[in-house]
Amino acid sequence: MKSIVIVGGGSGGVSVANHLAYNLRGEMRSGNVSITVVEGSKSHYYQPGFLEIPFGMLEKDETYRPVEKMLARGIKLVNGMVKKIDLVGKKVHLDNRAIDYDFIVIATGASYNYDAVPGLRENTENMYSFQNAVDLEKKISGFNGGNIAVGVSSLPYKCTPAPLETVFLLDDYFRKRGIRDRVSITYFFPLPISFPGKDIAPAFDRMMKKRNIEERLGFNIKSVDGAKKELVSSGGDSIKYDLAIVVPPHRGAQVILDSGIGDQDGWIPVDKFTLQIDSHDNAYAIGDSTNLMVSKAGSVADAQAIVVSERIASSIHGDEPVQRYDGTGGALVLTGSKKAAMVNSSYDRPPVMLEENESFYWLKLIYNRVYWTVTEKAVLSEVIQ
Ligand SMILES: Cc1cc2nc3c(=O)[nH]c(=O)nc-3n(C[C@H](O)[C@H](O)[C@H](O)COP(=O)(O)OP(=O)(O)OC[C@H]3O[C@@H](n4cnc5c(N)ncnc54)[C@H](O)[C@@H]3O)c2cc1C
């Protein structure tokens, strides 16, 4: 019996579990393979929906479902936090038990390090968790005028276009409320360009200019002064705000830091093509948890899940695993006024943007719904039942 353990039942974890269950359905039926997902939360969240909750585009209860509902029949779900991952002893440790594995896939995502920026937690909002998104909806609907500062603390962070989408949606939202002239919007970013893709940053600059959104580039936030309502940069500049929406600094999950298997920020070093961790043939990491220079995006986690599930299935079948991840990732970018653009990239193709249009907007709205039913991970959970 081969035991496969997946740590994390988020976007990548569910995807890899269901692909594995599909690729190894014969072995699962005959009792030669077991697949276990260990997830600390009771809910699986569709995080792209967090961007839409504050603008009333998606109801909050449309963004999560019980984890067990996401998994194909036969996959075991252990609901609990993994405290330590032992890649040498091939065990994952929870509070009161340990699980042995032959293969492990780590999909623990990212966590937020608010303490890196004094004043950030108490004085700013964001849409990077379910609760933050729900709180932000109240702040925006109660906002009647002043400056809204939107930006990023540091790289890397999830969904690279999300802060840009936020300024576009704010512009659209306050126009519809008829008070756009009373609201100024400032976008700040730590790099000297507005987006980490130099070929498409100018297009975002033009889109912001057209919407009268001010840009403060190269702004590295050092602290937030809640009394003066100012974001302060390491260079000594400041941005006045009445409402600050700031993407918090990201790092790897606590368990990665505690297990000593990540870099200093808790990102797991993996081979960029095989997604294997260091020299461990039987250990993989996918999605936001890795140190790869690719977007931290669900599309990336899903593409990597396919590669890893096929590699593990090959190993179990006694074949040489040959599947390789090519760096593919992409996102639909909401730009307001019922439009969206699309950004795509891979290792040998720098990010390209397909211009905003209405079809992409409807595609995004459709995807919000079909995520639960006809994406690959959802279909696979049904097919093999
Ligand atoms: C506002 C916003 C908008 C976004 N928009 C897009 C978009 O348009 N397109 C796109 O492709 N991506 C988007 N993303 C990014 C996308 O949601 C993530 O990249 C994706 O969820 C990553 O999948 P993952 O499996 O690596 O991590 P996650 O989905 O975050 O899952 C990690 C899981 O691990 C669990 N976990 C962590 N530690 C432990 C532990 N010790 N024990 C057990 N379980 C643990 C967590 O509870 C969580 O369920 C967006 C994200 C945000 C926040």
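**View 1. Helices α6 and α7 form a left-handed crossing.** Here a left-handed crossing is one in which the near helix is turned anticlockwise from the far one by less than a right angle, while clockwise makes it right-handed. This is a predicted model, in which local features need pLDDT of at least 70, side-chain atom pairs count only at pLDDT 80 or more, and totals for chains, interfaces and linings use all residues. Residues are numbered from 1 along each chain as its sequence is written, and side-chain values use heavy atoms, with hydrogens and water left out. Helix α6 covers residues 162-176 and helix α7 residues 201-210; they pack at an angle of about 20°, with axes 10 Å apart. Helices (H or I, at least four residues) and strands (E, at least two) are DSSP runs numbered from the N terminus. Axes are lines fitted to C-alpha atoms, for helices over the stretch in contact, and angles run from 0 to 180 degrees between N-to-C directions. The pair is therefore roughly parallel, a label given to angles under 35 degrees.

**View 2. Side by side, α6 and α7 meet through residues from both helices.** From α6 come Leu 164, Val 167 and Phe 168, and from α7 come Phe 204, Met 207 and Met 208, where contact means heavy atoms within 4.5 Å. These contact residues divide into 6 nonpolar, no polar and no charged. Nonpolar covers Ala, Val, Leu, Ile, Met, Phe, Trp, Tyr, Cys and Pro; charged covers Asp, Glu, Lys and Arg; the others, Gly among them, are polar.

**View 3. Helix α1 passes α9 in a right-handed crossing.** The axes of α1 (residues 11-23) and α9 (residues 298-316) come within 8 Å and cross at roughly 30°. Among the residues that meet are Ser 11, Gly 12 and His 19 in α1, and Gly 298, Asp 302 and Glu 310 in α9. The contact residues of this pair divide into 8 nonpolar, 7 polar and 2 charged.

View 4. A polar backbone atom of Ala 297 is 3.2 Å from an oxygen atom of the ligand.

**View 5. The loop between β11 and α6 holds Pro 156 and Cys 159.** The Leu 155 to Pro 156 peptide bond is cis, with omega near -5°. Cys 159 has a positive phi of about 50°, although it is not a glycine.

Notes:
Angles under 35 degrees count as roughly parallel, over 145 as roughly antiparallel, 65 to 115 as roughly perpendicular and the rest as oblique. A polar contact is a pair of N or O atoms within 3.5 Å; within protein, one must be able to donate a hydrogen and the other to accept it, and residues adjacent in sequence count only if both atoms are side-chain atoms.
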